[in-house]
Amino acid sequence: MNDQAIGIFDSGIGGTSIWREIATALPKEHTIYLADSKNAPYGNRSKEEIISLSIKNTKKLLEFNCKTIVVACNTATTNAIKILRAQFDVPFIGIEPAIKPAALNTKTKKVGVLATRGTLSSALFSETSDLYTQGIEVIEVIGSGLVELIEQGKIHSLEMLELLTSYIQPLVEKDIDYLVLGCSHYPYLIPILKKILPDNVVIIDSGEAVARQTKAIVAENNLLTPRRTQGTHTFYTNHKLSIVQDILKENSINTLEYLNF
């Protein structure tokens, strides 16, 4: 079982930002990535739909004999990971907005969170936020339309710049000094965000922390691969192959296939 792949899924291509960190932290491990772009974004769906889609993705990754599963989607993690852990006998690693480091380090006591509706309305996000943000103003912004534009390959479009500016400018006016990205798609917007935000605003995403946790969980469960060669990376999408190819053009893709799941 140790030579089986680490499974990763997201509501589309956003979780590839998490995959990159995992592949860097665990270069000898095989990975299998499911991009459920057909059903993106999860953030606009009901809790029941999010749970159902997360179960579907998990079952598909288990058909590929994945030894552990990374839920590389904030919305799926915050709404479904407890159910996944109860239903399936495999280690799960989730992702949620990194509100803790922002809350601990803010000087202005004002932190912005850019996330989907599904993440911001979840009980898990509320619990985490309440735990660490006493005495701090947390300004939440729902990034409606951002995931859709990323999934359409329009990251660098004028439409994206204008939409993102409309979300970020009110946060700047509130004097935030930390911006927490609460969606795995959003790290792909960091170059644009840096043009919009003042230099003093720190952008935080969860990718590196998730990779560290993945490495720890795999090791704790004695699932580290014994191989000394580089791992292989397989990607499946139920939408356009070209979108995945474009966003991963500088990375090693061993297999990229359309899969109707």
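## Aromatic rings

Trp19 and Phe235 are both buried. This is a predicted model. Across the whole structure, 4 aromatic pairs turn up. One of them joins Trp19 and Phe235. The rings sit edge-to-face, 5.0 Å from centre to centre, with 75° between the planes. This pair links distant parts of the chain. Trp19 belongs to helix α1 (residues 16-25), while Phe235 belongs to strand β9 (residues 233-237). The two residues are 216 residues apart. Together with Tyr33, Trp19 and Phe235 form one aromatic cluster.

Phe88 and Phe92 make up another aromatic pair. This one is tilted, at 6.5 Å centre to centre and 50° between the planes. Why does Phe88 count as buried? Its relative accessibility is 12%, and buried means under 20%. Phe92 also counts as buried, because its relative accessibility is 6%.

## The largest cavity

The structure holds 3 cavities of 30 Å³ or more. The largest cavity contains about 70 Å³ of space. Its lining has 13 residues. Closest to the centre are Asn44, Thr116, Gly143, Ser144 and Gly145.

Which helix gives the largest share of this lining? Helix α7 (residues 146-151) does, with 3 residues. By class, the lining has 5 nonpolar, 6 polar and 2 charged residues.

## The second largest cavity

The second largest cavity has a volume of about 60 Å³. Residues that line this cavity include Asp10, Ser11, Tyr42, Cys73, Thr116 and His185. Its lining divides into 5 nonpolar, 6 polar and 1 charged residues.

Definitions and conventions:
Residues are numbered from 1 along each chain as its sequence is written. This is a predicted model: local features need pLDDT of at least 70, side-chain atom pairs count only at pLDDT 80 or more; totals for chains, interfaces and linings use all residues. Side-chain values use heavy atoms; hydrogens and water are left out. On a 1 Å grid over the protein atoms alone, a cavity is a set of points where a 1.4 Å probe fits but cannot get out, and a pocket is an open set with protein on both sides within 12 Å along at least five of seven lines; lining residues have an atom within 4 Å of a point. Grid points are joined across faces, edges and corners, and a volume is the space filled by probe spheres set on the points. Helices (H or I, at least four residues) and strands (E, at least two) are DSSP runs, numbered from the N terminus. Ala, Val, Leu, Ile, Met, Phe, Trp, Tyr, Cys and Pro count as nonpolar, Asp, Glu, Lys and Arg as charged, and the others, Gly among them, as polar. Rings of Phe, Tyr and Trp (its six-membered ring) pair if their centres lie within 6.5 Å; planes under 30 degrees apart count as stacked, over 60 as edge-to-face and the rest as tilted. Buried means under 20% relative accessible area, exposed over 50%, partly exposed in between (1.4 Å probe, protein chains only).
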